[in-house]
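Here's a quick briefing to read alongside the model. Have the structure open while you go through it.

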Amino acid sequence: VLMRHLRPFLAFVAAIFLVACEDPVPTDYTPQIVMQAFLIVDEPIRDVQLYWSQPMTDTFSYERASIRDAQVVVLDGAETIPLRYVDDTTGGHYEAMDTTWLVKPGRTYRVEARVGTSVISGTTRTPERISWVKDLPPTLDYPGRENELRPVDSLKVFWTIPAPGTEYVLRMTCLDTVNYGTYLTPPTSDTNGRMRDEEFVDEASPLGRLPVRLAFVQAPGIFSWAAFKYFGKHELAVFAGDRNFINWFKQITFTRQYEPLLNSVQGGIGVVGSASAVYDTVVVKR
């Protein structure tokens, strides 16, 4: 359930900022179809979301916004991959009926959804695979707040750069916010805790409650203790995105408003993007 909330990293965020930051909404506001679709190389299709946009005069609700009865397919040349709706706590999503079918690198995919008589679609070219050059060690010893800014070159991570190059989104997720001692040797009964309580000023928001940190970088060779919200076991994910993927992330994290010129779908608003990804796990010790 936890990882479903975080698939692959934006599903919780886009609709909130997208429908809440446009120009003033008239009283006769007409909802538009919002598509958010991300295809991850070497993984099943499991992150296509459809919503009705909602006016600024109303409180956003996933329950009201979610479109559950669309006919959604992904087109790979002459092949058609049908998708099905799956309900979840973030408004539901569409995933491939055949979960053994995996997204391929260097391919052009078209995502198409029919909602009543309307059709919304978008195209993405998947990046080439990336792989670790140097990942994280199995454990990290937290040096204390006063030593966070000391450079530690041995902790920097590196990955291969897909041609012709791209920008990257990093996601650090605490996999267990409750247990801490379970991951020690020998195990203990110690419970987990936050690394920096004063940064949880947005605790009442959906983002504040998520045990995840996101970052945008332009090159490998990085490390920061600010990536961690908690101690304990974490997963680091690096996404090498296509232009649609990167532009969407920049909109909802930097400007927090929808830019029509960066729209990558036809028949509505939203994004169809893709990325290659690598993952690693690490235990952060107090």
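Val 72 touches Val 48, Leu 50, Ile 81, Pro 82, Leu 83, Tyr 94, Val 111, Glu 112 and Ala 113, leaving aside residues up to four places away in sequence; a contact here means heavy atoms within 4.5 Å. Bear in mind that this is a predicted model, where local features need pLDDT of at least 70 and side-chain atom pairs count only at pLDDT 80 or more, while totals for chains, interfaces and linings use all residues. Numbering runs from 1 along each chain as its sequence is written, and side-chain values use heavy atoms, with hydrogens and water left out.

**Cores**
- Val 72 sits in the largest nonpolar core, which has 24 residues; along with Met 35, Ile 45 and Leu 50, Val 72 touches the most other members.
- Such a core is a set of buried Ala, Val, Leu, Ile, Met, Phe, Trp, Tyr and Cys residues joined through side-chain atoms within 4.5 Å, and buried means under 20% relative accessible area (1.4 Å probe, protein chains only).
- Strands that give two or more residues to this core include S1 (33-40), S3 (71-76) and S6 (108-115).
- Another core, of 23 residues, lies apart from it, with Leu 136, Tyr 142, Tyr 180 and Val 217 among them.

**Whole chain**
- The protein chain has five helices and 15 strands, taken as DSSP runs (helices H or I, at least four residues; strands E, at least two) numbered from the N terminus.
- Of its 286 residues, 50% count as buried.

**Confidence**
- Mean pLDDT (the predictor's confidence in each residue, from 0 to 100) is 86, and 86% of residues reach 70 or more.
- Over residues 1-20 the pLDDT is below 50.
- Where pLDDT is low, the predicted coordinates should not be read in detail.
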